[in-house]
Amino acid sequence: MIEDEIFRKRRFVPSKMESFGFQKTGDQYCYETDLMNGEFHVILSVSKEGNVKGEVIDKMNDEEYVQLRSEHFNGAYVNTVRDSYRQLLGHIREAVCREVLFASEQANRITEMILNQYDVKPDFPWETAQYQSYGTFRHADTRKWFALIMNVKREKLFKNKDEETIDIINLKTDTLEKDIRKYPGAIFPAYHMNHKTWISIVLEEYLEDAIVMEYVQRSFELTK
């Protein structure tokens with residue numbers, strides 16, 4: 001979704017939203033404006049969880065412009081509408097959002113906990129666009145990793161052809177099979193690392209932060 005792409009790793013600041021022109025209705029904020037000299041009308045809704053829903057209405061027929069989201073439409077006019085919509089969302093993002101390190105709330109909380117406990121911030125060593133959001137946590141003296149947070153397609157772990165992306169944390173372990181049996185659906189053999197000595201924990205609130213941090217502690221000790 002265009003909105004997910006534009007607002008990824010962003011959090012909405014209510015005071016800035018209200019100053020920008022968002023109106024609070026119940027548990028969500030709404031913003032409306034015209035696009036492309038009034039040819040289209042945009043309705044943007046943001047839930048209290050920060051989920052964004054956008055509607056682009058073609059004012060000629062007062063219906064949603066479905067071509068905007070279809071891969072089958074790539075003509076010059078459709079692309080102009082898409083570009084205009086992206087520019088609008090980008091402008092809103094810069095005006096009302098703050099940037100965070102990772103996409104999920106839990107990944108950012110764990111990052112803060114690691115900083116508080118070990119005085120370690122993540123670094124982002126890869127230049128390739130696909131991996132630029134991957135954050136490594138290293139020992140100060142040896143520079144060895146003890147944790148790696150990545151944003152990957154769900155299918156990489158669940159093998160279900162789901163292309164939605166999720167945050168995961170890779171950690172070293174010496175009880176892999178036991179870990180997986182204890183928390184099925186939350187802990188997996190590590191994605192993109194040694195499947196025998198590393199695990200991937202899904203950071204989607206499946207496990208409490210305290211439990212995740214127990215595995216971080218173990219990984220920190222095992223990688224010294």
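Predicted model: local features only at pLDDT ≥ 70, side-chain atom pairs only at ≥ 80, totals over all residues.
Residues are numbered from 1 along each chain as its sequence is written, and side-chain values use heavy atoms, leaving out hydrogens and water.

Let's start with the strands. Helices (H or I, at least four residues) and strands (E, at least two) are DSSP runs, numbered from the N terminus. Five strands form an open sheet in the order S8-S9-S10-S12-S11, with antiparallel pairing; two strands pair if DSSP finds at least two bridges between them. At the edges are strand S8 (135-138) and strand S11 (187-189), each pairing on one side only. Within the sheet, S9 (residues 145-153) and S10 (residues 165-172) run antiparallel and are joined by seven bridges. If you look along this pair, you will find Leu148 opposite Asn170 in S10.

Now for the helices. Helix H4 (residues 105-118) packs on the sheet and touches S8, S9, S10 and strand S12 (198-202), where contact means heavy atoms within 4.5 Å. The direction of H4 makes about 170 degrees with that of S9. Helix H7 (residues 209-222) lies across S9, S10, S11 and S12, at about 45 degrees to S10. For such angles, axes are lines fitted to C-alpha atoms (for helices, over the stretch in contact), and values run from 0 to 180 degrees between N-to-C directions.

Next, the pockets. On a 1 Å grid over the protein atoms alone, a pocket is an open set of points where a 1.4 Å probe fits, with protein on both sides within 12 Å along at least five of seven lines; lining residues have an atom within 4 Å of a point. Grid points are joined across faces, edges and corners, and a volume is the space filled by probe spheres set on the points.

| Pocket | Volume | Lining residues by type |
|---|---|---|
| Largest | about 1,300 Å³ | 13 nonpolar, eight polar, 21 charged |

The largest pocket is lined by 42 residues, with Asp4, Phe7, Arg8, Gly50 and Asn51 nearest its centre. Helix H1 gives the most to this lining, four residues. The lining of the second largest pocket includes Arg8, Asn151, Val152 and Lys153.

Conventions:
Nonpolar A, V, L, I, M, F, W, Y, C, P; charged D, E, K, R; others polar.
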